[in-house]
Amino acid sequence: MSGPSLRKKDAHSSIHEAALNEVKELRELYQKCLENREIEKALQVLEVAIEHWETRTLKHAEAEEEGLYKEMTMENPDLVTTVIQLTRDHDLMRRIVENMKLRLQTHEPDQKMITLLDCLVIIDEIHNEDEMNKLLGDNEKYTGKLV
Ligand SMILES: [Fe+2]
Ligand SMILES: [Fe+2]
């Protein structure tokens, strides 16, 4: 979804919510696999979760940086600081996902991955709230809640 559709708070927020609900489910599933010592399955869930972050949230972030963010700052230069902050959130999520991929090469699925998955969710929730309230305006207050 690009330009005009991302400007609509409801539509944009639905994209956030759908992706977040799915990654939260994958996180729960991963934890269950760890608890049951199903290492092979845990690895598969982790791979799916990483791919999900890459193809959904990080792709969404890329589209925002290339379209929405540029358009919004061109129209209103006061939003530059907000866009820098939001882009930093994207960068943090990119780095955590990259970190998880590297870690998978040398470590078996473990508890540390739960911490990283939780970090991603928390950053994304705060990020989404700021995107709705600070970037897209507060004329209709966003009701997204933190964990
Ligand atoms: Fe974003
Ligand atoms: Fe977004």
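Here are some questions and answers about this predicted model.

Q: How many helices and strands are there in the chain?
A: Let's start with the overall layout. From the N terminus on, the elements run α-α-α-α-α-α. The count for the chain is therefore 0 strands and 6 helices.

Q: Why does the chain count as being as compact as a globular protein of its length?
A: The globule rule gives 15 Å for 147 residues. The chain comes close to that value, so it is as compact as a globular protein of that length, with a radius of gyration of 16 Å.

Q: What does the C-alpha trace of the chain span along its principal axes, and what share of the residues count as buried?
A: The spans of the C-alpha trace are about 50 × 25 × 20 Å. To count as buried, a residue needs 20 or more other C-beta atoms within 10 Å of its own. Of the 147 residues of the chain, the share that counts as buried is 22%.

Q: Is α2 roughly parallel or roughly antiparallel to α6?
A: Two packed helices are described by the angle between their axes and the distance between the axes. Here α2 and helix α6 (residues 111-135) have axes 10 Å apart and pack at an angle of about 170 degrees. Angles over 145 degrees count as roughly antiparallel, so α2 and α6 are roughly antiparallel.

Q: Which classes of residue make up the contact of α2 with α6, and how many are in each?
A: On the α2 side, the residues include His16, Leu20, Val23 and Tyr30, and they meet α6 residues including Ile114, Leu117, Val121 and Met132. Among the others are Lys24 and Arg27 in α2, and Asp124 and Glu125 in α6. By class, the contact has 5 charged, 5 polar and 9 nonpolar residues.

Q: Is the crossing of α2 and α6 left-handed or right-handed?
A: A crossing is left-handed if the near helix is turned anticlockwise from the far one by less than a right angle, and right-handed if clockwise. The way α2 passes α6 is left-handed.

Q: How far apart in space are arginine 56 and histidine 16, C-alpha to C-alpha?
A: Arginine 56 belongs to helix α3 and, with 17 C-beta neighbours inside 10 Å, counts as partly exposed. In sequence, arginine 56 and histidine 16 are 40 residues apart. In space, their C-alpha to C-alpha distance is 9.3 Å.

Conventions: Residues numbered from 1 in each chain as written. Chains lettered and ligands numbered in written order. Predicted model: local features only at pLDDT ≥ 70, side-chain atom pairs only at ≥ 80, totals over all residues. Axes fitted to C-alpha atoms, helices over the stretch in contact; angles between N-to-C directions. Helix = DSSP H or I, 4+ residues; strand = E, 2+ residues; numbered from the N terminus. Parallel < 35°, antiparallel > 145°, perpendicular 65-115°, else oblique. Contact = placed C-beta atoms within 7 Å. Nonpolar A, V, L, I, M, F, W, Y, C, P; charged D, E, K, R; others polar. Buried ≥ 20, exposed ≤ 12 C-beta atoms within 10 Å, placed from the backbone. Rg over C-alpha atoms; globule rule 2.2 N^0.38 Å.
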